[in-house]
Amino acid sequence: MLHQGERAVQRRAGLTADGWGSAGVRATIPPVAAEFLSRQRLLVLAAADETGAAWASVLTGPPGFATAPDDRTVIADHLPGIGDPLADLFDTERPVGLLMIEPATRRRMRVNGRARRHGDQLLVRTEQVYANCPKYIQTRAYVDDSPSASRTALVAGELTTGQQQWIAAADTFFVGTYAAGLGADASHRGGNPGFVTVTGSRRLTWPDYVGNSMYMTLGNLELEPRCGLLFPDWENGHTLHLTGRARIDWDPDRAAAVPGAQRLIDFDVERVIEIAGGIPQRWSFDEYSRFNPA
């Protein structure tokens, strides 16, 4: 299906190639992708809740916790837990975006489709399956599983000072977007610490760097500004989930002031959920991507 949002962003960015974007992506899972999926420990998922607010979250487990039993199905062995913004949403089928990322090798794979609960599992019927380039991914090594003894969730309408510092120091976050009738999508954003600018308790800005020119995230935002952000605390196992509205700023002068930025994205925070023990794994930092602008 032609994605009008993607085409609008591509035209504004000066891309004239036909058939580039989600319309050219296949629905089936090739064997190499199924094998990659079976090795992963971490799966990012994105969906909208009953109010239309978009969220990004994460599922983790040992290699094999997510599998592809056939070329149109992904199954994860468990569901979002207590306090998670996506908990209990999949009792009814809904669009979902998945991102499988292997920090140690900078490999990633995206699957978009429709998901529903199947017992204690999440079952996804695929509609789009594709790989991404390794740009802007910082390498990290899996250390161990260390589930929190007390998983707690704090909910607020704005960022605390500590959360603002968390975001300002981040080198990685994930974005969940969707557009009515066109599905949901989960994507990765990375850069050197400080690439996300915090300008208050309710406003963030990040640069849009050179990517694959498919503009799936920006295409969704062109049609639907509601999106969700996930900031993981890799070393301590906590997660910070934000939902709000994003706007693409095409002002070239403003972008020119930020190294590597082609354009900037402004995000207004509407709700915040911080989960202690949101990631029952520990990951150690290795090195920054050579593609990160200084």
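Trainee: Are tryptophan 234 and tryptophan 283 buried or exposed?

Mentor: Both tryptophan 234 and tryptophan 283 are buried. Buried means under 20% relative accessible area, exposed over 50%, and partly exposed in between, using a 1.4 Å probe and protein chains only. Please keep in mind that this is a predicted model, where local features need pLDDT of at least 70, side-chain atom pairs count only at pLDDT 80 or more, and totals for chains, interfaces and linings use all residues. Residues are numbered from 1 along each chain as its sequence is written, and side-chain values use heavy atoms, with hydrogens and water left out.

Trainee: How many aromatic pairs are there?

Mentor: Rings of Phe, Tyr and Trp (its six-membered ring) pair if their centres lie within 6.5 Å; planes under 30 degrees apart count as stacked, over 60 as edge-to-face and the rest as tilted. By that rule there are 9 aromatic pairs. Tryptophan 234 and tryptophan 283 are edge-to-face, because their ring centres are 6.1 Å apart and their planes stand at 80°. Tryptophan 234 is in the loop between strand E14 (226-233) and strand E15 (238-249), while tryptophan 283 is in strand E17 (residues 281-287), so the pair ties together parts 49 residues apart in sequence. Helices (H or I, at least four residues) and strands (E, at least two) are DSSP runs, numbered from the N terminus.

Trainee: Which residues form one aromatic cluster?

Mentor: That cluster is formed by Phe173, Phe195, Trp206, Phe231 and Phe267.

Trainee: How many disulfides does a search of the whole structure find?

Mentor: A disulfide is a covalent bond between the sulfur atoms of two cysteines. The test here is a pair of cysteine sulfur atoms within 2.5 Å, and the search finds 0 disulfides. As for individual cysteines, cysteine 227 is buried at 0% relative accessible area, whereas cysteine 133 is partly exposed at 29% relative accessibility.

Trainee: What can phi tell me about aspartate 88?

Mentor: Most residues other than glycine have a negative phi. Aspartate 88 has a positive phi, near 70°. Aspartate 88 lies in the loop between strand E4 (73-76) and strand E5 (94-102), and is exposed, with a relative accessible area of 62%.

Trainee: And what is phi of tyrosine 215 near?

Mentor: Phi of tyrosine 215 is near 55°, also a positive value. Tyrosine 215 sits in the loop between strand E13 (203-208) and H4, and is buried, with a relative accessible area of 13%.
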